Each structure stands twice: as C-alpha cells, then as structure tokens.
Amino acid sequence: MWTTAPRGEMPSQLTRTSTNGDGGGGITWTPDGKLVYSTSALSSPDLWISNPDGTNPKRLTFGGVAISPEVAPDGRTIYFGSERSGACHIWRMDMDGGNASQVTHGSSEQCAAATPDGKWLLYESFMRGPSIWKMALPSGTPVRLGDLKRAWWPVVSPDGQWFSLNYEDQRFEPPAGVGIMRLDGTGFKPLNIPQTWNRRWSPDGKALYFAKTQHGTDNIWKLPIAGGAPVRVTNFSSGSIGALAVSRDERLAFRHFNSLSDVVLVRSVR
C-alpha cells in the first residue's frame with residue numbers, strides 16, 4: 001500500500017509484501033484519517049484498520065471473506081462485502097469490528113456506498129446485471145437505479161447528489177466506460193474514462209481520481225467533471241494499481257504492485 005500527502009504527487013510506500021495483497025480487496029479512509037483495508041496476511045481476505053502511516057494495525061474480521069470496505073460518513077460503521085452467509089452480500093459492523101450483521105439479502109451484492117446524510121446505501125447487484133440498486137437505511141426496500149444494460153461499482157459524490165459508475169450500453173458514446181448518474185437514477189452522463197474499479201471523487205466533488213493503463217503501466221489521473229483533459233497524478237514506470245481511496249483532506253491511498261509469473265514446461269501428459 002502507498003499514500004500521498006494532501007494533494008501531493010509523491011507517494012510513499014507503507015507496506016512491503018510479496019503474497020498477502022495488502023489493499024487488494026479494497027482500501028478506504030475513515031473520517032478521522034485512518035485506513036481500513038483488506039488483506040490476506042493470515043487467511044482469506046479480512047479487513048484491518050491502521051494509522052495512516054501503516055502503524056498500529058488491528059484486525060477487524062476473522063474469516064468468511066471480507067472485501068470492498070466503505071466507512072459511513074459519520075465514522076461509526078463499516079460496510080463491506082462478505083460470503084459468510086454462503087453468498088456475497090453487504091454486511092455492516094462497528095468500527096472496532098463488533099456487532100456485524102447482514103444488510104442485503106438478494107442473490108449477490110457487493111461494493112456498498114453510503115450517502116453523506118447516512119439515509120441511503122447504494123450497491124452493486126448481480127441480479128439483472130450487474131446493476132446498481134439503492135435502499136433506505138437501515139432496511140428499506142431496494143430499488144434499481146437507471147436502465148443501463150450493465151452497471152456496476154457505484155461511488156457517491158461528496159454532496160450526495162451524484163454517483164459514478166462503470167457501464168456498458170450501446171445507446172451511449174462511448175458504449176462502455178465510466179459515467180455519472182443522479183442519486184434518483186436519472187441524468188446519466190458518460191465520461192471519457194475507461195472502465196475501472198479504481199475510481200474516487202475529489203473531496204470538493206469537482207473531479208474524479210482514477211487509475212489508467214498506458215503502455216502496460218498503471219498510474220492515477222484526475223479528471224475535472226465539468227470538462228477538460230485529465231491530469232496524471234503519479235509517475236510509476238511499471239506495475240498496476242489495485243485499489244484507490246481519497247481522504248477528506250485529499251490524500252490518496254492505493255495498492256501498487258508488480259505481478260510475477262513463471263513458465264512451466266510439461267514434457268508428457270498421462
């Protein structure tokens with residue numbers, strides 16, 4: 001995992017691991033500037049919380065898979081995806097890992113995003129999908145947002161008026177990429193960004209940070225929502241970006257990694 005200073009362009013490395021994938025299942029900031037992230041250091045993916053410099057790590061979940069953490073704006077609740085009930089659903093827990101309970105009960109859901117006022121939860125469902133749904137908290141009836149052919153991974157804007165999403169729909173140009181939509185499911189607008197899981201709003205809601213691949217290397221870019229060319233923020237010469245989060249004071253936290261592989265020659269097959 002890596003972080004930057006507020007609005008900084010020079011990232012610093014927090015963790016050095018070869019196999020456990022710190023942040024591989026998602027990273028998010030708490031309102032008071034701590035990091036919540038997924039790691040497979042001890043078992044299947046679980047959630048941990050640490051100081052912004054990576055010190056004082058504390059394990060929050062214990063088995064059953066826990067990915068895609070999202071801290072509620074009031075800093076009291078963590079939403080996450082888990083398979084502990086047999087299929088992937090949205091769960092919630094307190095900031096210390098206590099009082100875990102299942103929130104969604106559909107066919108399969110993940111990638112939760114709470115609105116700033118704490119009244120609504122958006123998430124990705126594989127029903128009719130994938131598609132994006134909204135439910136009133138704590139246990140309202142879910143409704144589908146928009147009529148895009150395929151839509152996934154919602155990220156709510158800081159003012160709670162919009163959310164960004166990945167989409168595929170031949171009615172729009174481009175027919176696949178990233179767009180924004182109003183919280184009531186109207187006003188869809190495509191943006192000139194390729195599909196990416198690594199996408200977050202700036203704290204002022206005027207831009208999107210996102211990961212983009214060029215010449216086999218990922219870097220983080222920033223696109224003004226009102227229009228204009230994206231600006232590159234990081235300058236890695238190799239590797240991939242596996243997760244991305246933006247704090248309230250505009251610090252970036254992300255996973256950067258290089259994949260290694262071997263070739264195996266099989267001389268005979270029985």
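In this predicted model, four strands line up as an open sheet in the order 7-8-9-10, with antiparallel pairing. Strand 7 (66–71) and strand 10 (101–102) stand at the edges with a single partner strand each, so one side of each has no neighbour in the sheet. In general, the strands of a sheet pair through backbone hydrogen bonds, either parallel or antiparallel. Looking inside the sheet, you can follow strand 8 (residues 77–82) alongside strand 9 (residues 89–94): the two run antiparallel and are joined by six bridges. One place to start is Thr77, whose bridge partner in strand 9 is Asp94.

In soluble globular proteins, nonpolar side chains tend to be buried together. Here the largest nonpolar core has 14 residues, and Leu191, Ile193, Trp201 and Leu208 are those with the most contacts inside it. At least two residues of this core come from each of strand 15 (150–156), strand 17 (176–182), strand 20 (207–214) and strand 21 (217–224). Strand 15 gives the largest share, three residues. A second, separate core has 13 residues, among them Leu145, Leu148, Leu165 and Leu183.

Beyond its neighbours within four places in sequence, Trp201 is in contact with residues including Val155, Trp162, Phe163, Ile180, Leu208 and Val246.

Now for the aromatic rings, which form five pairs in this structure. One of them joins Phe172 and Phe188 edge-to-face, at 4.8 Å centre to centre and with 70° between the planes. The two residues are 16 apart in the chain: Phe172 lies in the loop between strand 16 (162–168) and strand 17, and Phe188 in the loop between strand 17 and strand 18 (189–191).

Phe236 sits in the loop between strand 22 (231–232) and strand 23 (240–246), while Phe254 belongs to strand 24 (residues 252–257), 18 residues apart. Phe236 counts as buried at 16% relative accessibility, and Phe254 is buried with a relative accessible area of 0%. Ring pairs also bring in Trp2, which forms a cluster with Phe236 and Phe254.

Finally, look for charges over rings. The charged end of Lys134 sits over the ring of Trp120, 4.3 Å from its centre, and that of Arg255 sits over the ring of Phe257, 4.2 Å from its centre.

Conventions
Residues are numbered from 1 along each chain as its sequence is written. This is a predicted model: local features need pLDDT of at least 70, side-chain atom pairs count only at pLDDT 80 or more; totals for chains, interfaces and linings use all residues. Side-chain values use heavy atoms; hydrogens and water are left out. A nonpolar core is a set of buried Ala, Val, Leu, Ile, Met, Phe, Trp, Tyr and Cys residues joined through side-chain atoms within 4.5 Å. Buried means under 20% relative accessible area, exposed over 50%, partly exposed in between (1.4 Å probe, protein chains only). Contact means heavy atoms within 4.5 Å. Two strands pair if DSSP finds at least two bridges between them. Rings of Phe, Tyr and Trp (its six-membered ring) pair if their centres lie within 6.5 Å; planes under 30 degrees apart count as stacked, over 60 as edge-to-face and the rest as tilted. A charge sits over a ring if NZ of Lys or CZ of Arg is within 6 Å of the ring centre and within 35 degrees of the ring normal.
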